[in-house]
Amino acid sequence: MATVSRDLDITQNPLVQEFVGQLAPNVIINCAAWTDVDGVESNEELAARVNSDGAENLAIAAKNCGAKLIHVSTDYVFSGNTHEPWLENSLKNPESSYGRTKADGEDRVLRAYPENSMIIRTAWLYSPWGKNFAKTMTRLALDGKSEVRVVNDQNGQPTSATDLANQIVSLALSQTTSGIFHGTNSGEATWFDFAQEVFKLVDKDLNRVLPVSSEEYPQKANRPSFSVLSHDAWKKTTVEPMRDWRHALADAMPEIVSALKTLG
């Protein structure tokens with residue numbers, strides 16, 4: 001059963017306990033989050049109600065009914081100040097309000113229900129649905145001949161939301177009951193690399209994509225400059241790490257193009 005905020009406000013603990021208790025699920029996957037990274041900078045307390053309190057409420061509810069809990073988190077729990085992939089047990093040191101609320105949510109989940117909770121961190125998500133970088137770059141590639149300026153000093157892992165969903169299902173169906181995992185596609189890229197790959201896949205001029213520094217696009221929240229995540233923890237499970245980001249993007253591109261054409 002998929003729920004949205006109008007079905008269940010996870011910040012209200014009594015409602016969460018009643019709702020989950022009546023449903024009595026075997027697995028709970030918490031995808032709920034306040035993800036407006038810049039908006040959280042001026043609304044940290046409100047965001048924490050979802051990202052921290054809500055996560056803990058679901059962990060308590062999962063424990064009460066004996067369900068497995070998979071809690072989706074983020075690369076923003078790390079500072080980004082390194083040049084080596086972040087390990088699952090690397091020190092968390094978020095440099096944004098969003099990162100702090102998500103790091104606290106992780107801690108609360110693992111304190112409330114350590115025996116049957118799993119954290120799966122993801123990053124740089126895209127899909128044919130909603131607003132995301134891959135769709136924006138595809139639209140710009142298809143719509144015009146103007147130059148597109150893209151940041152080239154932040155490294156991460158473009159990640160297919162479809163691949164992540166499949167990974168979460170595989171983890172839920174496995175015998176694994178606890179741990180922290182990184183749910184990102186393999187390999188690494190800058191936003192510039194990501195944009196160029198999009199242009200390549202729709203057969204548009206790569207020279208239209210120009211690299212720029214983060215300083216040219218100041219934002220309220222600090223973005224991790226290096227968000228490449230290690231996938232070592234999957235070795236302890238029966239679930240394989242996620243495939244290379246370029247293969248995932250190539251598979252997703254027809255649907256992304258179709259979605260944009262449908263929107264006109």
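# Questions on a predicted model

Trainee: What share of the residues in the protein chain is buried?
Mentor: This is a predicted model. The protein chain has 264 residues. Buried here means under 20% relative accessible area. Buried residues make up 48%.

Trainee: How many helices and strands does the protein chain have?
Mentor: Both kinds of element are present in the protein chain. The count is eight helices and ten strands.

Trainee: Why can the protein chain be called as compact as a globular protein of that length?
Mentor: Start with the globule rule, which gives 18 Å for 264 residues. The chain's own value is close to that, so it is as compact as a globular protein of that length. Its radius of gyration is 19 Å.

Trainee: What does the C-alpha trace span along its principal axes?
Mentor: Take the C-alpha trace of the protein chain. Along its principal axes it spans about 55 × 40 × 35 Å.

Trainee: What share of the contacts joins residues 24 or more positions apart?
Mentor: Consider contacts in the protein chain with a separation of 6 or more. Residues 24 or more positions apart account for 83% of them.

Trainee: Is Ala252 buried or exposed?
Mentor: Ala252 is found in helix α8. Ala252 and Ser127 are 125 residues apart in sequence, but 7.2 Å apart in space, C-alpha to C-alpha. The relative accessible area of Ala252 is 11%, which is under 20%, so Ala252 is buried.

Trainee: Is Ile120 buried or exposed?
Mentor: Ile120 is found in strand β3. Its contacts beyond four places in sequence include Ile70, Leu164, Phe181 and Trp234. At 0% relative accessibility, Ile120 falls under the 20% cut-off, so it counts as buried.

Trainee: How far apart in space are Ile120 and His231?
Mentor: In sequence, Ile120 and His231 are 111 residues apart. In space, C-alpha to C-alpha, they are apart by 11 Å.

Trainee: Where does Thr176 lie, and is Thr176 buried or exposed?
Mentor: Thr176 lies in the loop between α6 and β8. Thr176 touches Lys68, Met118 and Thr237, among others. With a relative accessible area of 13%, which is under 20%, Thr176 is buried.

Trainee: Which residues does Ala123 touch?
Mentor: Ala123 is found in the loop between β3 and β4. At 4% relative accessibility, Ala123 counts as buried. Not counting residues up to four places away in sequence, Ala123 touches Asp75, Gln157, Thr159 and Thr184.

Trainee: What is phi of Ala24?
Mentor: Most residues other than glycine have a negative phi. Ala24 is found in the loop between α1 and β1, and counts as partly exposed at 49% relative accessibility. Phi of Ala24 is a positive value, near 50°.

Trainee: Is Asp203 buried or exposed?
Mentor: Asp203 lies in the loop between α7 and β10. Asp203 is not a glycine, yet has a positive phi of about 60°. Its relative accessible area is 68%, which is over 50%, so Asp203 is exposed.

Conventions
Residues are numbered from 1 along each chain as its sequence is written. This is a predicted model: local features need pLDDT of at least 70, side-chain atom pairs count only at pLDDT 80 or more; totals for chains, interfaces and linings use all residues. Side-chain values use heavy atoms; hydrogens and water are left out. Helices (H or I, at least four residues) and strands (E, at least two) are DSSP runs, numbered from the N terminus. The radius of gyration is taken over C-alpha atoms; the globule rule is 2.2 Å times the number of residues to the power 0.38. Buried means under 20% relative accessible area, exposed over 50%, partly exposed in between (1.4 Å probe, protein chains only). Contact means heavy atoms within 4.5 Å.
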